[in-house]
Amino acid sequence: MRIGYGWDSHEFQAGVPLKIGGVEIPFYKGLAGHSDGDVLLHAITDALLGAVAAGDIGSYFPPTDPKWKGADSVIFLEEALKQVRLAGYTVSNVDSTLILAEPKIIPHAKKIQARVAELLGVQPNQVSVTSVLRVSKVLALVSCAALLLT
Ligand SMILES: [Zn+2]
């Protein structure tokens with residue numbers, strides 16, 4: 001059994017789509033980033049990589065590489081899953097907390113949970129997505145833990 005921990009934050013930016021957990025959420029601003037800014041998928045990616053001590057998201061997809069400009073973060077998650085499988089593990093569960101002032105995540109939580117589960121190849125009851133409405137309106141933060149089983 002292995003446990004990984006991931007953390008990420010992105011600043012809000014007007015005029016870009018808001019993507020959280022591979023789901024586009026209707027909102028007047030999105031998250032800035034070199035890729036599509038999907039803060040949840042980035043934290044899960046780092047938690048999975050961390051669980052198998054396989055580096056972090058930046059070691060596979062350097063933000064300095066123009067190749068990843070505007071990239072769909074699903075690509076990052078798929079690489080992490082590949083590393084998990086190469087190390088001989090499977091995902092048992094993922095627990096994540098979004099920390100942001102707006103928008104409200106609760107109306108979208110089920111959809112995000114289902115999409116993340118689909119991406120991870122697990123059941124929705126193996127994925128927890130909760131949120132706390134805190135901090136400023138400038139940042140979206142995520143903390144995430146992933147448990148892997150042999
Ligand atoms: Zn990120």
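Let's start at one pairing: Ala14 stands opposite Lys29 in strand 4. That spot belongs to a link between strand 1 and strand 4, which run antiparallel and are joined by three bridges. Keep in mind that this is a predicted model.

- Five strands make up an open sheet, and their order is 4-1-7-5-6. The pairing in this sheet is mixed.
- Which strands stand at the edges? They are strand 4 (29-31) and strand 6, and each has a single partner strand, so one side of each is left without a neighbour in the sheet.
- Going from one strand to the next, the twist averages 20°.

**Strand by strand**

- Strand 1 (residues 2-14) and strand 7 (residues 139-149) run antiparallel, with 10 bridges joining them.
- Two places let you find this pairing by eye: Ser9 stands opposite Leu141 in strand 7, and His10 stands opposite Ala140 in strand 7.
- Strand 7 also pairs with strand 5, again in the antiparallel sense, over nine bridges.

**Helix 1 next to helix 3**

- How do helix 1 and helix 3 (residues 74-86) meet? Their axes come within 9 Å and cross at roughly 15°. An angle under 35 degrees counts as roughly parallel, so helix 1 is roughly parallel to helix 3.
- The crossing in which helix 1 passes helix 3 is left-handed.
- On the helix 1 side, the contact is made by Leu41, His42, Ile44, Thr45, Leu48 and Leu49. Helix 3 brings Val74, Phe76, Leu77, Ala80, Leu81, Gln83 and Val84.
- Sort the residues of this contact by type and you get 10 nonpolar, three polar and no charged.

**Loop residues to look up**

- Ala53 sits in the loop between helix 1 (39-51) and helix 2 (57-60). Its phi is positive, about 50°, although Ala53 is not a glycine.
- Is Ala53 buried or exposed? Ala53 is exposed, because it has 10 other C-beta atoms within 10 Å, and 12 or fewer is the cut-off for that label.
- Pro103 belongs to the loop between strand 5 (90-99) and helix 4 (109-120). The peptide bond joining Glu102 and Pro103 is cis, with omega about -5°. In general, most peptide bonds are trans.
- Gly121 lies in the loop between helix 4 and strand 6 (127-132). Gly121 counts as exposed, because it has 11 C-beta neighbours inside 10 Å.
- What separates Gly121 from Val91? The two are 30 residues apart along the chain, and their C-alpha atoms are separated by 8.5 Å.

Notes. Residues numbered from 1 in each chain as written. Predicted model: local features only at pLDDT ≥ 70, side-chain atom pairs only at ≥ 80, totals over all residues. Helix = DSSP H or I, 4+ residues; strand = E, 2+ residues; numbered from the N terminus. Buried ≥ 20, exposed ≤ 12 C-beta atoms within 10 Å, placed from the backbone. Pairing = 2+ DSSP bridges. Axes fitted to C-alpha atoms, helices over the stretch in contact; angles between N-to-C directions. Parallel < 35°, antiparallel > 145°, perpendicular 65-115°, else oblique. Left-handed = near helix turned anticlockwise from the far one by under 90°. Contact = placed C-beta atoms within 7 Å. Nonpolar A, V, L, I, M, F, W, Y, C, P; charged D, E, K, R; others polar.
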